[in-house]
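Work through the two exercises below with the coordinates open. Each task is followed by a stepwise solution.

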Amino acid sequence: MVVLAAIGAVSAWLQHDAPGRSAEPRTEFTAHNPPAGLPTALTTGQHLHWSSCTSPPSARTGYDCATMKAPLDYRKPDGRTIDVALIRRKATGPNARRIGSLVFNFGGPGVSGVSGLPDFLNQYESLLDRYDLVSFDPRGVGATIPVRCGKTADDTGYDGDDACVKHSGALLPYIGTSHTARDLDLMRYLLGDERLHYFGVSYGTALGAVYAHLYPSHVGRLVLEASIDPTEDLDEKKLSQVKAVQAAFDRFAVHCAAHIRHCPTGDGPDEAARRMARLADRLEKKPAPAGGGRHLDADDLAYAVSEHLRLGTDGWSPLAKALTALIDHNDGRPLSKGADDIGSADRAAAPRDNSRVAHTAITCADSSLRPGLERLDRDEARIKAASPVFGAAWSTGVYLCYGWPFDGERTTPQVNADGAAPVLVVGGTGDPITPYPGARHMARALGDGVGVLLTAQEEGHGTYSQNRCVKKTVDQYLRTGRTPAPGTVCRGSMS
């Protein structure tokens, strides 16, 4: 042990001149509250062995990677184990000011944290003075027992539910959010933290809230940004979302008519809906070239527009230009490329990772909703009617878990966390993906004295990176543990 400590100290000394590193030798933290019920081989007998990351390429400089052993089935903790892939960016501040690790989940479900941390680091670098920034691939995603539903075991595409059973059937019952939340507690302990400090975005708010419900005494500083609504079932979520994205598009149309010359959507929301309907009809008959041998159809149009709306007002000017190119010149490249850059690839193309099939598998593992065809038809009609621009594309989502070969866990997640430390819930009033009422409901559902709501008057999905007031308030909470006063509102683009 003395030799290892000496090697570690020398290693830290050798790195003291590295950019962004603290000059003093690093002190590792130790926790004394391992998760209950697990064998010692997974708790006190397990240590994370961090080394240079080999993938993704963006993580090969400045990041460390490790693998954590966890039970496949927490009801059988002595049984089969899985490998959970982790990534870390070490804190740059002095040891005396380091709080611990801040664990991120960037959403989805299905988003890889191992790829996501390097991609999103610039948004959170201000926190490196106090925290190691850590993320991971949740169960079913990336390098952590990835779900496979393609034609072969290596195919990241989707070839139907039977293919999921064939290639991943032994894993599918164990990839839901409650299982990943248990992984989080084991991760917390192995990272050396008595309490979990966590930043969840979008779906990541569901994971953080479920963790708080399961382990209220282990809650440290939890940020839930762009919160899901824990009171809605899967189909209610789709209906709320399609209404929110339509409302965001209407606000874009108003802005476009007032401020953009030759606005492609006309003189306001009503004209915009008519023009988009004509465009969708045209693309349904003959999809537009989108570059690289791809084509843009009516559903692709709806999803690509929604991806621009996710960016808030920053996405409005590029959206207007891309729609002009598509309407006037039948050129789908700007709209498709813009959506790709944001994170939504052409649905007809083979994805580079398994995020889409993981999204389906985790969603259906969480949701016990398995409606019959009569309700499905009714829900499909309701969603179509709720949005002239996005309804048709969104409505097919009601069939997501129809025929899924395994039961889901619950209709809605359990998130009450009585006795937990305060949890900061951030909601944007113009969020087109996780509508603002969901943040209010989440703060309330966490329990009195637990959920604290911070409201941002902003367009777009997530506000931390674009609203100074939100960033300042969240950073203060993460650094000090102090929550904002009840009813705090950050002004922004919708003020």
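The exercises concern two side chains and their surroundings.

The model is predicted, so local features need pLDDT of at least 70 and side-chain atom pairs count only at pLDDT 80 or more, while totals for chains, interfaces and linings use all residues. Residues are numbered from 1 along each chain as its sequence is written, and side-chain values use heavy atoms, with hydrogens and water left out.

**Exercise 1.** Locate His-461 and determine which side chains it joins by polar contacts.

Step 1. His-461 sits in the loop between β11 (451-459) and α15 (468-480); helices (H or I, at least four residues) and strands (E, at least two) are DSSP runs, numbered from the N terminus.

Step 2. Its relative accessible area is 14%, which means buried (under 20%; exposed is over 50%, partly exposed in between; 1.4 Å probe, protein chains only).

Step 3. Polar contacts are pairs of N or O atoms within 3.5 Å; within protein, one must be able to donate a hydrogen and the other to accept it, and residues adjacent in sequence count only if both atoms are side-chain atoms. The side chain of His-461 has one with Asp-431 at 3.0 Å and one with Thr-434 at 3.5 Å.

**Exercise 2.** Is Thr-434 buried or exposed, and which backbone oxygen lies 3.0 Å from a polar atom of its side chain?

Step 1. Thr-434 belongs to the loop between β10 (423-430) and α14 (436-446).

Step 2. With a relative accessible area of 9%, Thr-434 is buried.

Step 3. The backbone oxygen is that of Ala-226.
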